[in-house]
Amino acid sequence: MIRTDGLTKRFNGFVAVDKVSFSVGEGESFGFLGPNGAGKTTTIKMLTTLLPPSEGRGWVAGHDIVKESDAVRDRIGIIFQDPSLDERLTAYENLYIHAILYGIGRKEAKTRIEKSLTMVELTKVKDKVVKTFSGGMKRRLEIARGFLHMPSVLFLDEPTLGLDPQTRRVIWEYIRGLKDTFNVTLFLTTHYMEEAEHSDRIGIIHKGKLIKVDTPDNLKKALGGSAIILQATETNTTKLVSAGIEAIREDSVLVVKTEEVDDTIKRMAKVGADLRGISVKQPTLEDVFINLTGSAIGDESGDSMEVIRTAMRMRRMR
Amino acid sequence: MKTRMYAFFRGTYIIWLRDFKRLLKDKHQLYGSFARPILWLVFLGMGLRPIFNETEGFDYVQYIFPGIVVMTLIFSGMWAGISVVWDREFGFLKEILVAPVPRTSIVAGKVAGGATQAMFQGIITLMFAPLVGVSLSVVMVCQVLGVMLIISLALSSLGLVIASRMYSYEGFGTISNFIIMPLFFLSGAIYPVHTLPKWLKLMVSVNPVTYGVDLMRSAVLGISAFSVTMDIIYIVGFGVVMGALATILFRRY
């Protein structure tokens, strides 16, 4: 459904996206994970024909993003990072305009709008002006709009940015529900680890480069499984050595990396290790990210423009 | 080809419809359209009336009336541009840019929206005609409406050209003031221009609004400095050039 070959975007010598190649299959949900400024939004802009690539090529739903941009626009839907609703119109009017823009007939538009409003539970407020909506309600409306014309591929650029955790969870339930109903291929970007987790495959992007693409499980497995953590007492150290279990000392704890957690704990118990306060830590995508890029995702503080943009966004969402 | 044409009309229609719906909801615009003629005709016109006796046999307020109608059209035409800048700032423009409609329909839809707004406000200003002692027959009203339409289409296109490279609302305000005011003052709308120094006269003669005011004046009062044909050619020509320019500028998005 999506394929890119060496996709590159330069802005005045600064390389925002650097020779990115990947492909996404039909019905798949593919997540781009990376900090602010990693090149996620620029990639989406190129794939959605809003920005011409400096180099490389891309195909969406079988059409070249540069040479057949009209055909691409016919087949995609986008949920932007920043709000893109007409706040002075009602929820229904926003959806109606979208439907006509995408060439859906009036009658068909009406039934689809009613249906999608029901799915995101906005039917009650459909004739209210969008300005009066909460941030979460606006997002739900945008999501309903993104699915309205039944695109082959739906792009979601940080769909839950600036929302509180509870709203974020609800939004994702709607997205998944709509995806399953319409069998849409999803391409999403996020810097929330727990959201990336739900994608079929994840592409880790850092400083414009696509570092790794794999399923969340495989990415975590590549880190060497789970970590068993127990107190770093003298007895524990010697007992583990006697059992032939390799452990790394970190401050006051011992960390044992293993893929067979149960078995390893049984062996520890057999040699009489002190298991008080034992804990098992599954690797997270955060760990994967740190391991691959050498920095935590939250570390990258956005530049001052980004801070202002975020503040503006919050203001508009109110 | 046929589907392209369909997409063009569909896009133009829906972009116009959206602006029209917003217009109907905007009460401030409505108050403004009543306030502006009062401000210029009554506060300015009545005040300056005793000073002017060079107004071709008409009362001063009557003399400036066609110019005030055109001024309303200038402001509304610029509104077409403002709405684009506004859409860009609030993100709605992206929704249109990624939709499967050609960029030309954005220009056409916005020009149509601006012209609708201009016609709406122009008609409100026209309702002040009896108040200043200008009587219009039905035929004359139809002529005036026709004149209003071509002027507002041309000025909306100008508004879009300015807006195509403007990224902030404040910036547009500044630039459009630099353009609106000279266009208006140097058009002969509020004073006769034949006493002006030569270099200013030259500026008046290249100003498209001059021909709009002249055409409007001939439709309302029956007096004009140029021939009606020349006025129409100049305004329509200006509109076509601006429309084409706006289309080119918006294509390179």
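Q: How many bridges join β12(A) to strand β13 of chain A, and do the two run parallel or antiparallel?

A: In this predicted model, three bridges join β12(A) to β13 (residues 253–258) of chain A, and the two strands run antiparallel.

Q: What is the order of the strands in the open sheet of chain A?

A: Four strands make up the open sheet, in the order β12-β13-β11-β14 (chain A), and their pairing is antiparallel. The edges are held by β12 (248–250) and β14 (279–281) of chain A; each has a single partner strand, so one side of each lacks a neighbour in the sheet. From one strand to the next, the twist averages 30 degrees.

Q: Which strands does helix α10 of chain A lie across?

A: Helix α10 (residues 261–270) of chain A lies across β11 (226–231), β13 and β14 of chain A, and its angle to β11(A) is about 25 degrees.

Q: Into which domains is chain A divided?

A: Chain A comprises domain 1 (2–213) and domain 2 (224–282). The C-alpha centres of these two domains of chain A are 45 Å apart.

Q: How many residues of chain A are in contact with chain B, and which elements contribute two or more of them?

A: The contact involves 21 residues of chain A and 18 residues of chain B. On the side of chain A that touches chain B, the elements giving two or more residues are α2 (69–75) and α3 (91–101) of chain A. The largest share, four residues, comes from α3(A). By residue class, this side of chain A divides into 10 nonpolar, three polar and eight charged residues.

Technical notes
Residues are numbered from 1 along each chain as its sequence is written. Chains are lettered from A and ligands numbered from 1 in the order in which they are written. This is a predicted model: local features need pLDDT of at least 70, side-chain atom pairs count only at pLDDT 80 or more; totals for chains, interfaces and linings use all residues. Domain bounds come from an automatic or database domain assignment. Two residues are in contact if their C-beta atoms, placed from the backbone, lie within 7 Å. Ala, Val, Leu, Ile, Met, Phe, Trp, Tyr, Cys and Pro count as nonpolar, Asp, Glu, Lys and Arg as charged, and the others, Gly among them, as polar. Two strands pair if DSSP finds at least two bridges between them. Axes are lines fitted to C-alpha atoms, for helices over the stretch in contact, and angles run from 0 to 180 degrees between N-to-C directions.
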